[in-house]
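Trainee: I would like to go through the labels used for this model and see what each one rests on.
Mentor: Then ask, and we will set each value beside its definition.

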Amino acid sequence: MKYGYFDNAQKEYVITNPKTPAPWMNYIGNGGFGGIVSATGGGLTFDSDPSNRRVTRYKFNNQPIDRPGRYIYIRDEESGDYWSATWQPVMKETQKYECRHGLGYTTISGEYDGIASSVTYCVPLGKRYELWQVNLKNNTDKAKKLKVYSYVEFSWNDAKYDMLCHWPCMAFKADFDGKKILVDTVAEQLTGVPQYDYIATDLPVCGYDCDLEKFIGEYRSETNPQVLDNGVCTDSAMYSNNCVGVLCSEITLEPGEAKSFRYTLGATDKKEDADRQIEDALSAENFLEDIKAYWQKHCDRLTVDTPCEDMNTMLNIWHAYQTKTTFDWSRFISVYERGVDRGFGFRDSMQDVLGVMHSDPKLAGERIKLLLSIQCSNGNARSVYYPATKESVGGGRSDDHLWSILSVCNYVRETGDISYLSDEVPYADGGSDTVIGHLEKGIEFTMQHLGKHGIPDMLKSDWDDSLAPMNRGGTGGAESVFVFFQLGHAAYELVKLYEFAGFCERIPAMQKVYDYCKSKMDIIWDGEWYIRAFTPEGEKYCTNEDEYNKIHLIPQAWSVISHLADNEHANKAMDNVLKYLYTDKGLITHYPASEGFDPQNKSYFLFPAGARENGGIFFHSNTWPIIAFAMLGRGNDAFRCYENILPPRRNDIADVCLTEPYVYSQTMIAPPHKRAWSCVNSWLTGTASWTYYAATQYILGIHPEYEGLCIDPQIPDSWDGFKATRKCRGKDYSITVCRDSSKQKGIYADGKLLEGNIVPWNLSDKQKIDIVLIK
């Protein structure tokens, strides 16, 4: 079943049915004040940190779903009938409904009883407030006397405690001062961080409510508030109770008349700043144009024109948007993540920078150093950083610290900035080191934690946290083949970096690590593929000898990415990926999935077979075989695996797949599970950055190297070619790839045939360089 369509000309996804199978969300804001908003107005708001500076509430795992949110109630004063401009929460059948999710804004429009409405939600660039731009029009031949009511449900600033217990409400107080509803969370007295929230409008206010119970009434919900039935607000202040932001205004519309007005929702550190922000918000102009221009500039850093329209839609619009959104919020807040206890994950955010490196390398470089600052002096990294409190917690995982090497190397390739490697960055437990010192500490830590087979100890877990039970809390002695391949890859990358940077004295140590990994390849080869791990008992895990979990996706792909597997073993391993793990909707994690937690028989998963990492389609790990196939020159296989997981392919079966067809999800349930092909965890996922990286740098083959821009596409045989533009190091590259047997194969830069597949950075002083690759 189809719920909407892509309007690429406007860079919008248009939802035509409000009853989507899950809340279909959008993000507003650019890493500061912002929030999530659904196609029916549901969602929440926060001020930079959704855990410690929450502004409004959202009820997770709740029925009815997707509540509360940012609502506009409209009441006909003559009939007493009322509805909501966003369909939810009143949910009356409307003559028209449409939601347009754009880049950084959402517009929901509809018509009920001859009154057309539209509401645009956004956060103007650099501001600490939302704007709700509302338009009403009377399409009848009769004058209409209406009342409009805003609605939000405020949260205490500490989202965790607001969800867990009632006492934070006891600290709340709110009242209307003639201009705004101001909420004092008393956060400064309790947490040391002041926060005042507010809502205001440019309409004259004839009534208000701050007390949720007074507005909703007993045994009612947002669907049928008592105040809407009565038609009169109670003018309630709120002390030590649940808090809402309801402002009521009267509007009269003559036949054919339209009126526009707005609301603003925001937060401040100082009470006296609220009025200034409100005045700024209610007089703001061109804010939507500015948002669109910001995202246009972001998307223009790389554009493509390929024979695959779904690929074009994603890479030119939605994928570029999702990678930046994921970079901004890591795994912090979504419909699936409550915004508590997650923060910026070290491993998550270190991978997320790959998706924005081309568009904002400066921002990516700053994020890398921020994350390196939560690495400890022994080389291991803490797991999570909280931006509001600047605290970091966790650690003890085997993979975290190795991700930084890939990110730093990509930063230097993108910018050519070798001096970055000498920047001083503190350690979380005291002291400091250069960027390169941090990277080498990570390598040293792994080499100091090898198991009985000489493979890295899994410690608390590797990248696949679901396998943590195998190693008994980090003390079992299990060995991770995935981290082994990470280690080899990291050493390989550092050797290449040192060669470019002239760090000749550092090369032998890293070459020794790489050679060590190379010497261990035989013990992890199972005859047809590479094993996933050694158990604490020293047995192979993911071996053909076992009934379940015979072959695992990750080590096959990473054997290629790491440059450790020879061509014969690499191709055989990847052949078996297609033989055992392939579906037309993505690759499953391993085969066959085991059922039930049974460590004695090497069944370590708490999930049922087909769910998540237990034989599900984990899209994040689907990206690595795409890269592996491309590295092996198998463009058809690389593109097939990529095309299968493109979100627009789910548009016509959204009732089965559930999540938004315009962004990637983390995972899809696979057979034999009874809910096979349904997706969960959309938006904030490492799938976003890695799929973008795989598609642009490996399938299309456009990626910066230390010496120049490499053009090495691995496209399917069915393509005649493609076009692309790429901005890098202050130059604009216009790229055309085509198959033409009548011309000499190779790369032509401004008409001149080059040697190899790299366009040197110093080739020309021109701003724009035209590149043609004849295949």
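**Labels and what they rest on**

Mentor: Start with I72, which lies in strand 6 (residues 71-76); strands (E, at least two residues) and helices (H or I, at least four) are DSSP runs numbered from the N terminus. This is a predicted model, in which local features need pLDDT of at least 70 and side-chain atom pairs pLDDT 80 or more, while totals for chains, interfaces and linings use all residues. Residues are numbered from 1 along each chain as its sequence is written, and side-chain values use heavy atoms, without hydrogens and water.

Trainee: Which residues is I72 in contact with, neighbours within four places in sequence left aside?
Mentor: They include W83, V119, W132, V134, Y149 and Y263; contact means heavy atoms within 4.5 Å. The C-alpha atoms of I72 and V152 are separated by 9.3 Å, although these residues are 80 apart along the chain.

Trainee: What is the strand order of the open sheet?
Mentor: The order is 7-6-12-18-16, with antiparallel pairing. Two strands pair if DSSP finds at least two bridges between them. Strand 12 (residues 144-151) and strand 18 (residues 243-253) are joined by 6 bridges, so they pair by that definition. K144 stands opposite L253 in strand 18.

Trainee: How do you know which strands are the edge strands?
Mentor: Strand 7 (82-84) and strand 16 (207-211) each pair on one side only.

Trainee: What makes a set of residues a nonpolar core?
Mentor: The members are buried Ala, Val, Leu, Ile, Met, Phe, Trp, Tyr and Cys residues joined through side-chain atoms within 4.5 Å. The largest such core has 218 residues, and L136, M311, I524, W624 and Y642 touch the most other members. Helix 13 (residues 481-501) gives the largest share, 13 residues. A second, separate core of 15 residues includes Y71, Y151, V227 and C248.

Trainee: Which residues of helix 11 and helix 12 meet?
Mentor: S404, I405 and V408 in helix 11 meet V435, L439 and I443 in helix 12.

Trainee: How do the residues of that contact divide into nonpolar, polar and charged?
Mentor: Into 5 nonpolar, 1 polar and no charged. Ala, Val, Leu, Ile, Met, Phe, Trp, Tyr, Cys and Pro count as nonpolar, Asp, Glu, Lys and Arg as charged, and the others, Gly among them, as polar.

Definitions and conventions: Buried means under 20% relative accessible area, exposed over 50%, partly exposed in between (1.4 Å probe, protein chains only).
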